[in-house]
Amino acid sequence: MTALTVTAMTILPATSHAQGYYYDDDDWHETEMPVRRTNGIMILGKGSEMRYMSCYGGCPDNGEAYAQTANTYKKTFGRNVNVYLMPIPLAVEFYCPPTAYEWSREQLPVMMHMFDCLEGVKAVDIYPTLSEHSDERIYSRTDHHWLPLGAYYAAEKFARVAKVPFKKLNNYDAYVVHDFVGTMPKFSKDNAIRRFPEDFVYYVPRGVRFTTTYINYTLDGARKNIIGETEPMVHDFFMKYKDGSAAAYSTFMGGDAKIVKVETSTRNHRRLMILKDSFGNALPGYLFYSFEEIHVIDCRYFNRNMIDYVKGNKITDILFANNMGHASNSATWEMYLKYLEQ
C-alpha cells in the first residue's frame, strides 16, 4: 500500500432519517431507494451505492444502565481521573429511509437519556458531528463498522471535550486498501454487496513517535473466555492488509482480544484508557498527539483488576467508547462492573 492524498469522498446525501435518494446513469432523483431486510440487516439501494446496515433495537432504559456504569467508574476513581461517555451511533441512524423506520429504533433519544443520567462524567456527543459529515464516507457500506474518517471526527470532538491537543487530517498520511468487502455478507447471508466493494482509507500520523506494546489473549473454543496470554511484545499499531482483504478494519491493532499500550512522544502527563468494542479500535491513532500514553481495553476481554490497572498505570482519563449496539447490551456494562471487582 502506498501513501496518497485523500479528499472527502461523497456518498448519498443524507441526514438522520432523511429522505432517500436514487441514482441512475442520467441524474439524481428524490425518491425512495429500494430497501429490504435479511437476517436482521437492512439493505439499502443498489449498485455501487448499496449499503448494508445493522438495525438497532435498544431503548432508554438500556442507555441508563450504561451511563450509570460510567458514573460508577467516576465515583470509584474520584476527582483525579476524568471519565467520559461517547456512545457511537450505528450507521442506520443516519441513512435509514422513512419506509424502513419500523425495522430500527431511533438511537438519538437513547443517547440523550444517557447524557441526562451522567453524574460527574463528561458527555462526548458526537451525534451532531457525524450528522454534519454524513455525506462523507464515515461509515462502511460493506462492513458493520464505521470508517476511519468517522472515527477521526469523533476523536476531534473528544479531544475538544478533554482539552488536549489535536491535529487536523493534513498531518496524517492516508493509505488505502482497495476492493474491501467486510463483515456484512456473512452477517446478512446475502452476497450481493460483494460485487460492489469499497476503498478502506486509513490515516497514519506524521511527526509523532509511538511504540505499541501488546499482551495478546488466548481464547477458548467459543472465543468468550480467556485461557492464556502472551508476554508483553512490541509490534506495529497499524497492520498492513492487501487489496481485497476482508480484514482491513483490523488495520488497527489487529483485533480485540488483547491489552494494548501505546507510548507516544507527546509529553503532557495525560494518560488515556479507552474502554471499547471494535468500533473504538479506530480512535487511538488520532490521539497520539493528544496523550503521552493510551491504553486500549475491550469490553469483552480483560482479566485484571481495573482499579489496580488504573492506579498502576497512572491513568488520568477514561473514555467509554462503545457503539450503540454494545452500549445498549447488558453484557457490556456487566463486564465493565465485573472488571472493578475481579
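Start by selecting helix H1 (residues 60–77) and helix H9 (residues 330–341); helices here are DSSP runs of H or I with at least four residues, numbered from the N terminus. In H1, Asn-62, Ala-65, Tyr-66, Thr-69, Thr-72, Tyr-73, Thr-76 and Phe-77 meet Trp-333, Tyr-336, Leu-337, Tyr-339 and Leu-340 of H9, contact meaning heavy atoms within 4.5 Å. This is a predicted model, where local features need pLDDT of at least 70, side-chain atom pairs count only at pLDDT 80 or more, and totals for chains, interfaces and linings use all residues. Residues are numbered from 1 along each chain as its sequence is written, and side-chain values use heavy atoms, leaving out hydrogens and water.

Now look along the pair: the angle is about 15° and the axes are 9 Å apart, with axes being lines fitted to C-alpha atoms over the stretch in contact and angles running from 0 to 180 degrees between N-to-C directions. H1 and H9 are therefore roughly parallel, a term for angles under 35 degrees.

Next, select Met-86. Beyond neighbours within four places in sequence, Met-86 is in contact with residues including Val-124, Phe-158, Leu-283 and Phe-320.

Met-253, with phi of about 70°, sits between strand S13 (233–235) and strand S14 (258–264); strands are DSSP runs of E with at least two residues. Is Met-253 buried or exposed? Met-253 is buried, at 1% relative accessible area. Lys-314, with phi near 55°, lies between helix H7 (306–312) and strand S17 (317–321) and is exposed at 58%. Buried means under 20% relative accessible area, exposed over 50%, and partly exposed in between, using a 1.4 Å probe and protein chains only.

Terms used. Parallel < 35°, antiparallel > 145°, perpendicular 65-115°, else oblique.
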